[in-house]
Amino acid sequence: MAETTKVLVTGGAGFIGSHLVNGLLDNDYAVAVVDDLSAGQLRNVNHRATFYHAPINDPRINQIIQREGPEIIFHLAAQSSVRQSALDPVADADSNVLGTIGLLSAAAAEGVDKIVFSSTGGAIYGNPDTIPCDENTPVSPLTPYALSKYVSELYLKLFYQTYGLAYTILRYSNVYGPGQDPNGEAGVISIFAGSMLRGRSPNIYGDGKQERDFVYVSDVVEANLAAMYHGDGRTYNIGTGEPVTIKRIYSLLQECTDYRDEPVYRPRRAGEVLRIALDSGRAGRELAWEPKVSLEEGLRLSVDYVRNSMVRRSGRARLAT
């Protein structure tokens, strides 16, 4: 019997990371997870995975990699709040840049074959002239978060050239789906759905005409699986290529939730991208990847998840009283 391939997922207790862990386990990989639970939840981690509670810039990362011996590392752990990155760019760089450098150093020292890196296509290009934009579009970060992701990409390329540590970079558009926190500050779809189902008017920052490219989380998992053994030294946009306004998302979610009230408009947030959509043609040609879940289906599944979660929490609250 062939030996099971070992992989490590940083940020594996988070929204995207926990879906990826489940996808890897379903494909018979042996999975270890590193997460500091600053944003993720322990309950998200599949019981079949080995869990390590540690931040990505923890010196124990070397020991964890040595102990687990992964062939491939999926690096998703990050300070991912755009707003927080502007408030504290030093902490953002400490986690996202220095944490990545430490991980790459440990991976190179321990003979890891490859890093699959989760980057941001939704923020790294700023406000590009052409929509959808491809991977040759000039990088123009508008926030410390986006800049930290780009700097990490450059370090991946450096470690490939210097130490032979293979990598693939995946630049995601706006990822959404079941498991995204409706009480967080990121993830407009889950936030809107949670507010609507509670009978509260969601906030729209700006005029709602800003455009985003929304890609469903299971499609992102498939992109990661496709990148395991393909695309070495390459960067790929992972999105649908279809820009959708925030007002349109609001309207579609009203249909899913039977919510009738209008949103509350707030001032636009500094550094926010106004218009973005990603051309994923390269991923289609080289990774045989394409998005499969339509926006309408993804929104329905997302709302169903938030609704069911609220029912479960309500039931637990009644039992507690």
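Contact here means heavy atoms within 4.5 Å of one another. The model is predicted, so that local features need pLDDT of at least 70 and side-chain atom pairs count only at pLDDT 80 or more, while totals for chains, interfaces and linings use all residues. Residues are numbered from 1 along each chain as its sequence is written, and side-chain values use heavy atoms, with hydrogens and water left out.

View 1. Leaving aside neighbours within four places in sequence, asparagine 46 is in contact with Val21, Asn22 and Leu25. The side chains of asparagine 46 and asparagine 22 are joined by a polar contact of 3.0 Å, a term for a pair of N or O atoms within 3.5 Å, of which, within protein, one must be able to donate a hydrogen and the other to accept it, residues adjacent in sequence counting only if both atoms are side-chain atoms. Asparagine 46 has a relative accessible area of 16% and is therefore buried, where buried means under 20% relative accessible area, exposed over 50% and partly exposed in between (1.4 Å probe, protein chains only).

**View 2. The open sheet of seven strands, in the order S3-S2-S1-S4-S5-S6-S11**. The pairing is parallel; strands (E, at least two residues) and helices (H or I, at least four) are DSSP runs numbered from the N terminus, and two strands pair if DSSP finds at least two bridges between them. Strand S3 (50-53) and strand S11 (234-238) stand at the edges with a single partner strand each, so one side of each is left without a neighbour in the sheet. Direction ignored, neighbouring strands of this sheet are turned by 20 degrees against each other on average. Strand S2 (residues 30-35) pairs with S3 in the parallel sense over four bridges, and aspartate 35 stands opposite histidine 53 in S3.

**View 3. Strand S5 and the strands on which it pairs, S4 and S6.** The parallel pairing of S4 and S5 runs over four bridges, with lysine 114 in S5 as the bridge partner of isoleucine 72. S5 and strand S6 (residues 166-172) pair in the parallel sense over seven bridges, and the bridge partner of serine 118 in S6 is leucine 170.

**View 4. Helices H2 and H4, whose axes come within 9 Å and cross at roughly 35 degrees**. Axes are lines fitted to C-alpha atoms, for helices over the stretch in contact, and angles run from 0 to 180 degrees between N-to-C directions. The contact is made by Ile61, Asn62 and Ile65 of H2 and by Leu103, Ala106 and Ala107 of H4. Helix H2 (residues 61-68) lies across strand S1 (6-10), S2, S3 and strand S4 (72-75), running at about 170 degrees to S3. Helix H4 (residues 89-109) packs on the sheet, touching S1, S4 and strand S5 (114-120), and its direction makes about 175 degrees with that of S4.

**View 5. Helix H8 (residues 217-227), which is mostly covered**. Nine of the 11 residues of H8 are buried, including Val217, Asp219, Leu225 and Ala226. Alanine 226, with a relative accessible area of 16%, is 62 residues from alanine 288 in sequence and 7.6 Å from alanine 288 in space, C-alpha to C-alpha.
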